[in-house]
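Welcome! Keep the 3D view at hand and follow along as we go.

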Amino acid sequence: MNVLFGSPALHALVLGVGIVSALLGVTSYFIWFERKFAGRMQSRIGPKHVGPYGLLQPIADAFKLLIKADITPDTADRALFNLAPLLAVCVALLSLAVLPLASGLVIADLDVGVLFFLAAGALTVVPTWMAGWGSNNKYALLGGMRAIAQSVAYGVPLVLAALVPVILSGSMKLSDIVAAQAGGHWFALWPPGPGLGAGVLFVLASLAEGNRIPFDIPEAESELVSGISTEYTGMKFGMFYLGEYVHSLVVAALFVTLFLGGYDGPGPDVLALQLLWFVLKVSLVSVLLLWVRWSYVRLRSDQLMTLCWKYLLPSGLLLVAASAVWVWWTEQGGSR
Amino acid sequence: MANLIFYLMAALAVVAALGVVAARNPIMSILALLGSFFALAAIYLVSGFQTLAALQILVYAGAILVLFLFVIMLLNLANETKLERIDLAMFHGRKAVWTFLIAGALLGISAFAALAIVPAAGDAPALPERGIDELQPLADAMFSRYLLPFELVSVLLLATAVAVLVLAKRNRGPLNLDQGGEST
């Protein structure tokens, strides 16, 4: 394996600590950006009192969350209740391990990278359910049950969507998938159809798995108070949000890696330039996701299930078949 | 180091598996199951099977566990939690003989098929040189050489599913009017 610092263990440690701390910093300012963005969309100004343009707001928020009282309900299952927020953040961070930020800049370039992040994504339901059950609150429990139903349903289209780049590139290694798209042959653009369709499917299924609007049914503050996080206070409450935002950034990054060529872009193959392209693309996709988030209303549970089983699942199967046919067809053309 | 992790994880897997059976609360039982899945995945990783470890987490911790949770939390199983004693009648009579015969035959067929397909040592390299960690050799092995055992195992799983269905239906009865319409 390609390592930057001596031994693989040191490489993983340095990169892991670096990427995670960078991402946590980025996440808090992503939240600031989202509040500004949402404000503009709703003809408001957004945060403006703490620092210039409200730039110190994330720090003030974090401090506020830290000094708030930490309440555990008497009837709660203490172990599950306290473990859930921690796990929510950890699980969201897991996928970062296989994400190539630039050529060679990846914590662990696994042969089964795609499988790894699918597995990590499938785990997001565990902390959600722990919180729902552990809180011993009817709203939290309802939220947890909704999360489970949603996760069963949306895992399938997510796997199908991720399968399309795997078929097109012939590898499950994320660096190979990026390499297969080098020189602007991004899967979202070429071949026309399967790549873009799978990209849309991937984003929808990931949003549903991460419980983001318009799929935030487990939280549903208009029906379930705050769903799974009803009983949480202070930083534990904050950690669920941290996990959710980290998850949405990771989804954007994975979308860029699988469908938008990852760190591929015009210019020489220098580490800094590759990193710049990657960050630019991820920012663009994140803004697009925010746009979706603040434009649509929450779906009802039955609408969510209809969308998944009647539309996303068949189209996912169709896209997988189409990309397989494409690969077969190009191979036939190449051999003649 | 790898040995230490292996023994630690093996012990954890056994303890967690015992916890699954021993826990009084079905939710705790599921949590123990999750622990056992992870211990097993760690053992796969230590042994160098990345693919198997990732699949273990994706399929078991992701799908199977969620399915169990789904069944426990969304279906009304409150009356089924108590098993006072093991009924000895289950192990007597003609039905029991048939049960053992069929189960034994199924197991025997699977074992025979698996053994018959695997060639004697030295006949041919049964596994690719670099192990079954890479996807291509894994797929090649699974869908050519070991196709029959692979399919037989899935038939066994199907038989289990049918058996569970039959048992669950019989337990409930066709029309359960005694419990005031709570048969669902």
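Predicted model: local features only at pLDDT ≥ 70, side-chain atom pairs only at ≥ 80, totals over all residues.

## Two helix pairs in chain A

Two packed helices are described by the angle between their axes and the distance between the axes. Let us begin with helix α3 (residues 78-94) of chain A and helix α9 (residues 234-259) of chain A, whose axes come within 8 Å and cross at roughly 20°. Angles under 35 degrees count as roughly parallel, and α3(A) and α9(A) are therefore roughly parallel to each other. Their crossing, α3(A) with α9(A), is left-handed.

Which residues of α3(A) and α9(A) meet? On the α3(A) side you will find F81(A), N82(A), A84(A), P85(A), L86(A), A88(A), V89(A), A92(A) and L93(A). Facing them from α9(A) are K236(A), M239(A), F240(A), L242(A), G243(A), V246(A), H247(A) and V250(A). Sorted by class, the residues of this contact between α3(A) and α9(A) are 13 nonpolar, 3 polar and 1 charged.

The second pair is helix α6 (residues 138-169) of chain A with helix α8 (residues 194-209) of chain A; here the axes come within 8 Å and cross at roughly 150°. That angle makes α6(A) roughly antiparallel to α8(A). The crossing of α6(A) and α8(A) is left-handed. From α6(A), the contact draws on Q150(A), Y154(A), G155(A), P157(A), L158(A), A161(A) and V164(A). The partners in α8(A) are P194(A), A198(A), L201(A), F202(A), A205(A), S206(A), A208(A) and E209(A). In the contact of α6(A) with α8(A), the residues divide into 11 nonpolar, 3 polar and 1 charged.

## The nonpolar core

How many residues does the largest nonpolar core have? The count is 106, and the residues with the most contacts inside this core are V114(A), F117(A), W129(A), Y154(A) and F202(A). Helix α9(A) supplies the largest share of the core, 13 residues.

In α4(A), the buried residues are G113(A), V114(A), L115(A), F117(A), L118(A), A119(A), A120(A), G121(A) and A122(A). Helix α4 (residues 113-122) of chain A has 9 of its 10 residues buried, so it is largely enclosed by the rest of the structure. What does V114(A) touch, leaving aside its neighbours within four places in sequence? The list for V114(A) is A162(A), V166(A), M172(A), L174(A), I177(A) and L258(A).

| Residue | Relative accessible area | Class |
|---|---|---|
| Q150(A) | 1% | buried |
| A88(A) | 15% | buried |
| S43(A) | 71% | exposed |
| Y53(A) | 63% | exposed |

Q150(A) lies in helix α6 of chain A. Apart from neighbours within four places in sequence, Q150(A) is in contact with A208(A), N211(A), F215(A), I217(A), P218(A), L304(A) and M305(A).

A88(A) sits in helix α3 of chain A. P127(A) is 39 residues away from A88(A) along the chain, and yet the C-alpha atoms of the two are separated by 5.3 Å.

S43(A) and Y53(A) take us to a loop. Where is S43(A) placed? You will find S43(A) in the loop between α1 (8-41) and α2 (57-67) of chain A. Y53(A) also lies in the loop between α1 and α2 of chain A. Most residues other than glycine have a negative phi. S43(A), a residue other than glycine, has a positive phi near 55°. Y53(A) is not a glycine either, and its phi is positive at about 55°.

## A look at chain B

Our last stop is the other chain. Chain B has 6 helices and 0 strands, and its elements run α-α-α-α-α-α from the N terminus on. Of its 184 residues, 21% count as buried in chain B. Among the contacts in chain B between residues at least 6 apart in sequence, 54% join residues at least 24 apart.

Conventions. Residues numbered from 1 in each chain as written. Chains lettered and ligands numbered in written order. Heavy atoms only, no water. Axes fitted to C-alpha atoms, helices over the stretch in contact; angles between N-to-C directions. Helix = DSSP H or I, 4+ residues; strand = E, 2+ residues; numbered from the N terminus. Parallel < 35°, antiparallel > 145°, perpendicular 65-115°, else oblique. Left-handed = near helix turned anticlockwise from the far one by under 90°. Contact = heavy atoms within 4.5 Å. Nonpolar A, V, L, I, M, F, W, Y, C, P; charged D, E, K, R; others polar. Core = buried A, V, L, I, M, F, W, Y, C linked by side-chain atoms within 4.5 Å. Buried < 20%, exposed > 50% of the residue type's maximum accessible area, 1.4 Å probe, protein only.
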